[in-house]
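Here are my notes on this two-chain model, as numbered points. Please read them with the structure open.

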Amino acid sequence: MKKTTLIIVTFLIATMSFGQNDLPDIKLRSLTGDEVRFNSFGNNDTLLIVSLWATWCVPCIQELEAISEQYEERQKEIPFKLLAVSIDDSRTTQRVKPFVKGKGWPFEIYLDVNSDLKRALNINDVPHVFIIKKGKIVYQHNGYVAGNEEELFEKIKTL
Amino acid sequence: MKKIQLLVFGLLTNVFIIAQTDNGHFSGSFESYTQFYHKDDKIGAVVPQDKIGSNNFLKLDYNYKQFTAGLQFEAYLPAIQGFPFSENSGKLVNKYFRYTANNFSIQVGDFYEQFGSGLAFRAWENRQIGINNALEGANIHVAPLSFLTIKAIYGRQRKVFAYANSNVRGLDAEIDFSKTGKTTPETRVAAGFSYVSRYQLYTGPITDFPATVNATSTRLDIGGAVASASFEYVYKKRDPHDANNFDNTSGKAFLTNLSLATGNFGALLTFRTLENMDFRSERESLQSIGLMNYIPSLTKQHDYLTTNIYVYNAQAMGEIGGQVDLFYNAPKGTGPGGKFGSKFSLNFSSYSGHNDSEDLFSFGDNEYFHDLNFEWKKKWSEKFTTIFLYQNIFYNKLVIEGEPVPDVKTNTVVLNALIKYAKKKAARFELQHLATRQDKGNWAAALTEFSFAPKWTFYLSDLYNYGKTDTHYATIGGSYTNRGTRFGLSYGRQRAGLFCVGGVCRFVPAATGVTATLTTTFN
């Protein structure tokens, strides 16, 4: 029995020595239908902004428009990438691709059709933005009012 | 005893080390929505005995490597007015454990899942309208080949604080043809097949009664860089139950989406036809309880006070129709774009009954609903942006709400102006008007909002029904946000009517009082 315990303890300690990132292992779809695992974005050194949004959410669209207007300019200051993850369900998910074209957004767009990522990140309402650095969530903000993008860009500089 | 102590000590050390080395990840959320009601004869607000409604949700998840476990505690103290149930207690409702590997995952406990577009099966949660159709059982995903994904589910459906008296099992397979070859083609072609089955014990006198109801769904998705197309056909075996008035025929549905996205232009064409597609975990369930599949109204989801008065509710018993969406981005520096750019969108949706209930593709003369709307967003300067919206609606109140009154025809205009007068300070104004000769007549609305990013907002709004009822629905409120936490407080009147989120609706009663909302996310 003692041996068993020892083995278990050793095993448990051993399994912990592996590092990992904090991003949940959730499958998203790209606009062409390919599966992408959300935690694969954690391996990247570039600062990441993840915005959860929906085509029916007016403040979400305002936020992405506001970021989009300054996107290229801000990227010159500090390299970062924005992933816009739509939580549109099958009522509106088909609208996402043409909608994004009609907005001219330069972001990478992904689909979370049955809210798996929304649940895994424990988000109550959209819009909700995260800043992710080396697989760790370093900042988040719920809701959008005009000017929140300024706060987001300021945070990026300090992180 | 000593051994147990050693084991416990070992485990505690581990937990401690996990925290120390930042291995393992803990996250959660809390949401509270509380209303304090008071009497208001003008709008016919019914005050519950306790004068309070409070819906609360606590969710916790812990992830360590490939393992995730979590739970959800819900407390209705009691449920807010107009909710589909009137529980007055709390319960630990969802518990799950999941193991995820590269080509395999298994979740036991309560889970959410969706096959295809959800027409045959969807288990989901929507707290605003009181839907939680999670299954308690097992959910296995396997990808034995790079181009094949299989999902297998088994369980019983959650029914408020209990479980439905039936078993649900299902299988879904998807083949991605673009991964079958050595090279990846530019166009992705995928086909899927789902099977869902529900068994509920039948003890009545009918000998050939279908205690088990099966539904199958076949789908095809073609996705290119510019154009995409998707098709889905669902067949559901005969399933007489309360919600379909014991209709003994089978159910059928066909859905197709065609989309185009190129340059600054996007377009979507949707067509859907349904016949007898109400599918429940229990034959006795009504309204939004016990839904097994997802039949949203495929219309544009609006977000303004006056554009949300006449909202379509999809008719699972039979409807045919579709919608067209056009999006155009006029970039900066072009003619229609002006110096700062401009965006246009046009949407038209229309639904009606079938001429012949046997023929899934027969367009009927009885129109249920249409919505024609046009939106123009223009940025005039660094500081000033406007949105203009026009909407024309046809609303068959007899079919949608069961009220035998003349069809409602409306014309609505909305003007939304945003003035960003400082880097983090903005003011927003909305002016709206809905004109109609039917039902309750005209509505006018105004809203003003001041925001001080990223923390504070204040707003004042009034929705005024004039001519017939002369009633003001005024609300004043504000919110404070700090990172993942938000607190909102408002006071005012709530209009009785259909409240829809994600295309599923419930009726909310008229209410007056204080509403407090607290949401927080920790990661």
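1. The interface comes first. Chain B puts 91 residues in contact with 67 residues of chain A, where contact means heavy atoms within 4.5 Å. About 6700 Å² is buried between chain B and chain A, with carbon and sulfur atoms giving 48% of that area. Buried area here is the accessible area (1.4 Å probe) that two parts lose on being put together, summed over both. In chain B, the residues that lose the most area to chain A are Q301(B), F327(B) and R483(B). Together they make up 9% of what that side buries.

2. A word on conventions. This is a predicted model: local features need pLDDT of at least 70, side-chain atom pairs count only at pLDDT 80 or more, and totals for chains, interfaces and linings use all residues. Residues are numbered from 1 along each chain as its sequence is written, chains are lettered from A and ligands numbered from 1 in the order in which they are written, and side-chain values use heavy atoms, with hydrogens and water left out.

3. Polar terms across the interface. There are 37 residue pairs in polar contact between chain B and chain A, both residues at pLDDT 80 or more. A polar contact is a pair of N or O atoms within 3.5 Å; within protein, one must be able to donate a hydrogen and the other to accept it, and residues adjacent in sequence count only if both atoms are side-chain atoms. On the chain B side that touches chain A, helix 1 (residues 2–20) of chain B gives the largest share, 8 residues. Helices (H or I, at least four residues) and strands (E, at least two) are DSSP runs, numbered from the N terminus. That side of chain B divides into 27 nonpolar, 38 polar and 26 charged residues.

4. Salt bridges. How many cross the interface of chain B and chain A? The rule finds 12; over all chains the count is 47. The rule asks for a side-chain nitrogen of Lys or Arg within 4 Å of a carboxyl oxygen of Asp or Glu. Side chains of opposite charge can pair when their charged atoms come close. One case is E65(A) with K343(B), closest N and O atoms 2.8 Å apart. Another is K379(B) with E69(A), at 2.6 Å. This pair runs from strand 21 (residues 363–379) of chain B to helix 2 of chain A.

5. The chain A sheet. Seven strands form an open sheet in the order 2-1-5-4-3-6-7, with mixed pairing. Two strands pair if DSSP finds at least two bridges between them. Strand 2 (35–37) and strand 7 (136–142) of chain A are the edges, each pairing on one side only. The twist averages 30 degrees from one strand to the next. Strand 6 (residues 128–133) and strand 7 of chain A run antiparallel, joined by 6 bridges. I132(A) has I137(A) as its bridge partner there. Helix 2 (residues 58–77) of chain A lies across strand 3 (47–53), strand 4 (80–86) and strand 6 of chain A. The helix runs at about 160 degrees to strand 4 of chain A. Axes are lines fitted to C-alpha atoms, for helices over the stretch in contact, and angles run from 0 to 180 degrees between N-to-C directions.

6. A run of antiparallel strands in chain B. Strand 2 (residues 52–64) and strand 3 (residues 67–76) of chain B share 10 bridges, with D61(B) opposite G70(B). Strand 3 and strand 4 (residues 90–100) of chain B pair over 9 bridges; F67(B) partners Y99(B), and A69(B) stands opposite F97(B).

7. Backbone checks in chain B. K65(B), in the turn of the hairpin of strand 2 and strand 3, has a positive phi of about 55 degrees although it is not a glycine. The L77(B) to P78(B) peptide bond is cis, with omega about -15 degrees. P78(B) sits in the loop between strand 3 and strand 4 of chain B. A453(B) to P454(B) is also cis, omega near 0 degrees. P454(B) is in the loop between strand 25 (441–452) and strand 26 (456–467) of chain B.

Terms used
Ala, Val, Leu, Ile, Met, Phe, Trp, Tyr, Cys and Pro count as nonpolar, Asp, Glu, Lys and Arg as charged, and the others, Gly among them, as polar.
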